Amino acid sequence: MANPKSDEMGGSISFTDFPEDVQLCILSFLTPSEVSTFACTSKRFVSLCRNDAKLWFTMCHRRWGSKTQIRKWGNGKIAFRLLYKTLNEWENLIGFWRRSGRGNIGISSPPLVFFEWGPSFLTGSRISPSKNGTYSVLKSPFLWMTLSQEGQTVNFLDPDGRAEVLDCVGEMDFSDNDLIPVNLSFMGKTHFVVEENMNFFAFSSSNSNSSSNFRRSSSSSNMRCDDEIEDSIGGDSGSFSPSHSPGSLPERLMSEMYQHFANRTSPGSGDKRRQRRKEKERQGKRKWEAEHFVKIVNCSPTLTRPLQGLWKGIYDDMSLNFYLVVYEDNGGIICRRVGDSSERFSSYGLVFWTSNATFIESPLSPEEKYLYDSRMHVRPLAAENYIHEELLSEETEMVSRILNINSSYDLVIPDLAGSTTNPRNVEGRIWQYISGTFGFGFLRDNFIIDLKHVSQNGCVLDTKELCSD
Amino acid sequence: MASSSTSVVVSNKEKENKNTKKVTLKSSDGESFEVDESVAMESQTIKHIIEDGCANNEIPLPNVTSGILSRVIEYCKKHKEAAGESEPSVTSYTSNSTTNPLTEWDTEFVKVDQNTLFDLILAANYLDIKGLLDLTCKTVADMMKGKTPQEIRETFHIKNDYTPEEEAEVRKENQWAFE
């Protein structure tokens with residue numbers, strides 16, 4: 001165990017004098033590349049650096065142990081070195097992403113997706129505004145990502161956000177349900193593409209023959225097109241073989257996934273959907289077109305950027321929507337609406353902007369006070385808001401400071417329609433409340449749109465489950 | 001022994017702790033240290049000795065010199081007090097070190113020469129004090145960051161048993177495996 005100090009022999013304890021557990025403890029604080037550098041120092045450390053059960057487990061646990069259950073991933077059977085690599089890449093997904101470009105037509109494609117940790121998987125949920133007249137948002141399943149016990153990346157997409165409950169856990173015939181296997185390809189840290197994995201079944205049936213090959217390639221890169229997969233499993237054809245599917249995914253994995261996705265039933269329509277799907281599968285048709293997502297990098301306010309991030313409120317069409325406030329490098333602020341899937345393009349409409357982010361602190365001048373007091377707050381109208389009087393605290397919300405802003409109409413050419421370019425048409429204010437939220441409005445009317453946080457401390461606020469009725 | 005800063009805090013609690021059990025720890029060079037039993041039990045090794053009833057109020061620690069033992073006791077006292085004052089002390093060195101009030105103290109604590117640091121590691125390992133072991137190991141790991149293999153060898157007196165060809169091979173292999 002502990003070695004006596006060798007003061008006669010040059011006076012220092014060497015790293016090699018430490019017991020192995022201590023050496024592993026030291027190495028567990030390093031990054032993988034630093035561990036690899038250490039392995040280059042001496043032959044005797046190579047096996048130490050590859051110690052999966054202790055070293056790589058501890059490295060995973062240090063980084064993500066508080067967020068997910070390290071030992072549950074891959075049913076506890078995968079190498080922790082592989083898990084580290086995977087989690088290191090997937091960790092970047094945590095947070096909010098918005099769809100960029102067109103979504104799948106006819107299927108509810110989420111403009112806003114929120115990724116969070118599960119016990120042995122990652123989930124992405126659609127976040128959409130509720131239509132019930134409150135500030136609450138709907139959270140429904142979209143993506144599910146994990147590793148199988150062979151170390152294979154397993155990603156599924158729920159196109160409708162309404163997964164069916166499976167009556168019998170034993171009948172895990174994948175093709176009978178709505179979930180679509182997908183590949184997630186990263187393009188840098190703020191962009192990924194989700195596309196249907198047409199080779200999933202053919203691939204998983206040959207998995208046992210080539211698991212080691214696959215593990216190598218999956219661990220080196222997640223940028224994968226279908227052709228590469230075919231090459232690595234010895235030239236399988238690109239066609240779809242549903243006959244291989246039953247039992248190809250371990251039951252435990254499927255049941256976990258369903259437990260996560262499914263807590264509602266879709267009565268009746270399930271059979272028709274199944275028939276359509278089977279038909280499509282036989283034809284090898286895609287159920288899902290590739291979609292791109294871009295990360296919303298700064299989704300929460302900070303001390304120096306108090307308006308930054310994702311907000312929700314009522315504007316224009318009297319329904320709840322999401323807004324993104326971005327601080328630009330030149331010191332300006334822009335607020336845009338985050339797209340709604342019912343619109344033709346992923347709408348990115350300008351709501352307000354300013355080139356000067358300096359607030360005017362209270363106490364406000366009498367003119368400004370009047371400007372605020374004479375306004376009507378625009379808020380969701382549902383009766384639920386009024387059940388508990390505390391929810392109406394905005395009525396008496398103290399304004400801590402204001403900001404001058406302009407609306408999008410500023411970009412309209414002044415000569416049109418012979419209208420005078422009255423600056424009051426475009427000028428407006430932001431009123432920041434002591435609570436940290438804010439409201440905005442324009443001089444052309446007397447409303448204030450009060451915005452609230454979409455998330456706080458990494459959790460989405462005011463969520464509601466989708467109801468099947 | 002106890003520094004003047006810790007004794008101020010201890011005295012506030014003395015009224016409550018007047019009758020707490022004390023144990024005596026004896027270093028390898030024969031020096032005795034009397035500490036509160038609760039502080040000594042930060043060490044799982046000592047905790048088991050006490051619980052097994054083998055203590056006799058004096059516990060010999062032949063693997064730890066007096067210089068190191070006094071530092072270890074200082075660490076245990078500080079962390080025990082912090083645990084007593086608020087929520088259980090966060091002695092994990094993962095993400096919350098900035099919110100941990102002891103972080104600054106810990107950083108100062110490990111500003112010692114390499115020999116002392118290594119001795120602290122061995123003592124923390126022998127005495128099974130997780131927080132101290134993590135702290136000291138992390139400090140050693142930080143000394144490795146940003147160094148080339150040769151620089152690491154020099155810092156930690158590791159003998160190079162690779163030929164240049166072998167080393168290049170290992171480096172190449174590891175680039176793939178670890179990146």
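A:Asn92 lies in the loop that links helix H5 (80-90) to strand E1 (95-100) of chain A. The model is predicted. Is A:Asn92 buried or exposed? Its relative accessibility is 14%, so A:Asn92 counts as buried, the cut-off being under 20%. Leaving aside residues up to four places away in sequence, A:Asn92 touches A:Trp97, A:Lys189 and A:Lys295.

Now chain A as a whole. Chain A holds 12 helices and 21 strands. Other totals for the chain are tabulated here.

| Property of chain A | Value |
|---|---|
| Buried share of the 469 residues | 50% |
| Contacts joining residues at least 24 apart, among those between residues at least 6 apart in sequence | 62% |
| Accessible surface | about 22000 Å² |
| Part of the accessible surface belonging to carbon and sulfur atoms | 51% |

Next, a helix pair across the two chains. The crossing of H1(A) past H7(B) is right-handed.

Which residues meet in this pair? From H1(A) come A:Val22, A:Cys25, A:Ile26 and A:Leu27. From H7(B) come B:Leu133, B:Asp134, B:Cys137, B:Val140, B:Ala141 and B:Met144. The residues of this contact divide into nine nonpolar, one charged and no polar.

Conventions:
Residues numbered from 1 in each chain as written. Chains lettered and ligands numbered in written order. Predicted model: local features only at pLDDT ≥ 70, side-chain atom pairs only at ≥ 80, totals over all residues. Heavy atoms only, no water. Left-handed = near helix turned anticlockwise from the far one by under 90°. Helix = DSSP H or I, 4+ residues; strand = E, 2+ residues; numbered from the N terminus. Contact = heavy atoms within 4.5 Å. Nonpolar A, V, L, I, M, F, W, Y, C, P; charged D, E, K, R; others polar. Buried < 20%, exposed > 50% of the residue type's maximum accessible area, 1.4 Å probe, protein only. Areas by Shrake-Rupley, 256 points an atom, 1.4 Å probe, with all protein chains shown as cover.
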